[in-house]
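My notes follow, in the order I took them.

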Amino acid sequence: MTKLWADQPFKLIPTPTTTATEGLSKEVTEVATEMCLAHNVMVRNLNAIHLQCEQVTKPEDVIDFILFCQTSLEEIHTHHAAEEELFFPQVAEYTGEKNIMEVNITQHHAFEKGLKEFEEYIYKATPKTYDGKEVKKMLDRFGEILVVHLSDEIQTLLALDKYGGEKLGPIWAQFNKKILAQIKDMHRVLPCALGAVDKTFEGGKHNFPPFPWFLPYLAKYYYAKKHKGSWRFSPCTMFGIPRPLEFAKDVE
Ligand SMILES: [Fe+2]
Ligand SMILES: [Fe+2]
């Protein structure tokens, strides 16, 4: 007996291959790869919700799961808001192409409605109103569109190479700083994000996120304590090791 894991139903995005990045600058390759790995953190959490939502039924579990859903949504929001407010405008400025990220912004709008619907539901949810079947339906209404966007954005970034990669590096660093600065509650965001980092992805060849070595310890022994029950639904340990989803269905 085994359980489905958070690499489905929404597909993880492979990082750009050496063939795809041949001749491209180091910075563009790095930025596209890191963006891809950051996107996969969101995809794994969405999958963890999708695979577990129907089996979470006891009130004490539902309370924890609702918070897990909320923090996963906050992660998606923070990422896309920082892109629209800072990263995309800066890319438009350095490339001199005003509309270069337009397709990506249009895609953001395409999944916003579904995301909002889930958000409105899950912030009001209580063990009494919570319905796992509804949650799954809501995810199905925007998950696929979101993942298409998360994948397409990587191609847009690779195509920036013709404008010079060296300028993209500092813009990317600022974007990451903005994301960190926007975090209002580390007790929610850090365990949620780290719990969806798979260090073994693609043979473990990526050093992502490039955080100091002690951060997972800080997350596990300090930040994860406050909402301890919610991280039972995470697909990985705070140290980036994949683990079975406790509430996923058993499959033959
Ligand atoms: Fe992104
Ligand atoms: Fe995006």
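**Helix pairs**

I started with helix α2 (residues 59-95) and α3, whose axes come within 11 Å and cross at roughly 150°. This is a predicted model, so I keep that in mind throughout. Are α2 and α3 roughly parallel or roughly antiparallel? Angles over 145 degrees count as roughly antiparallel, so α2 and α3 are roughly antiparallel to each other. I also noted that their crossing is left-handed.

On the α2 side I find, among others, Ile66, Cys69, Leu73, His77, His80 and Phe88. They belong to a contact whose α3 side includes Ile105, His108, His109, Phe111, Leu115, Phe118 and Tyr123. Sorted by class, the contact of α2 with α3 has eleven nonpolar, six polar and five charged residues.

Then I went to helix α1 (residues 26-52) and helix α5 (residues 168-182). Their axes come within 9 Å and cross at roughly 25°, which makes α1 roughly parallel to α5, because angles under 35 degrees count that way. The crossing of α1 and α5 is left-handed. From α1, the residues in the contact are Glu27, Val28, Val31, Glu34 and Met35, and they meet Leu168, Gly169, Trp172, Phe175 and Asn176 in α5. By class I get six nonpolar, two polar and two charged residues for α1 with α5.

**Gln107**

I looked at Gln107 next, which sits in helix α3 (residues 102-124). Is Gln107 buried or exposed? Its relative accessibility is 16%, and the cut-off for buried is under 20%, so Gln107 counts as buried. What does the Gln107 side chain pair with in a polar contact? I found the side chain of His149, at 2.8 Å. Leaving out residues up to four places away in sequence, Gln107 touches Val148, His149 and Asp152.

**Backbone checks**

One runs from Gln8 to Pro9, with omega near 5°; Pro9 lies in the loop between β1 (2-3) and α1. Another joins Phe208 and Pro209, with omega about -10°. I placed Pro209 in the loop between α7 (201-204) and α8 (215-223).

I also flagged Glu202, which is not a glycine but has a positive phi of about 50°. Glu202 is in helix α7. With a relative accessible area of 28%, I logged Glu202 as partly exposed.

Conventions
Residues numbered from 1 in each chain as written. Chains lettered and ligands numbered in written order. Predicted model: local features only at pLDDT ≥ 70, side-chain atom pairs only at ≥ 80, totals over all residues. Heavy atoms only, no water. Axes fitted to C-alpha atoms, helices over the stretch in contact; angles between N-to-C directions. Helix = DSSP H or I, 4+ residues; strand = E, 2+ residues; numbered from the N terminus. Parallel < 35°, antiparallel > 145°, perpendicular 65-115°, else oblique. Left-handed = near helix turned anticlockwise from the far one by under 90°. Contact = heavy atoms within 4.5 Å. Nonpolar A, V, L, I, M, F, W, Y, C, P; charged D, E, K, R; others polar. Buried < 20%, exposed > 50% of the residue type's maximum accessible area, 1.4 Å probe, protein only. Polar contact = N/O pair within 3.5 Å; in protein donor to acceptor, adjacent residues only side chain to side chain.
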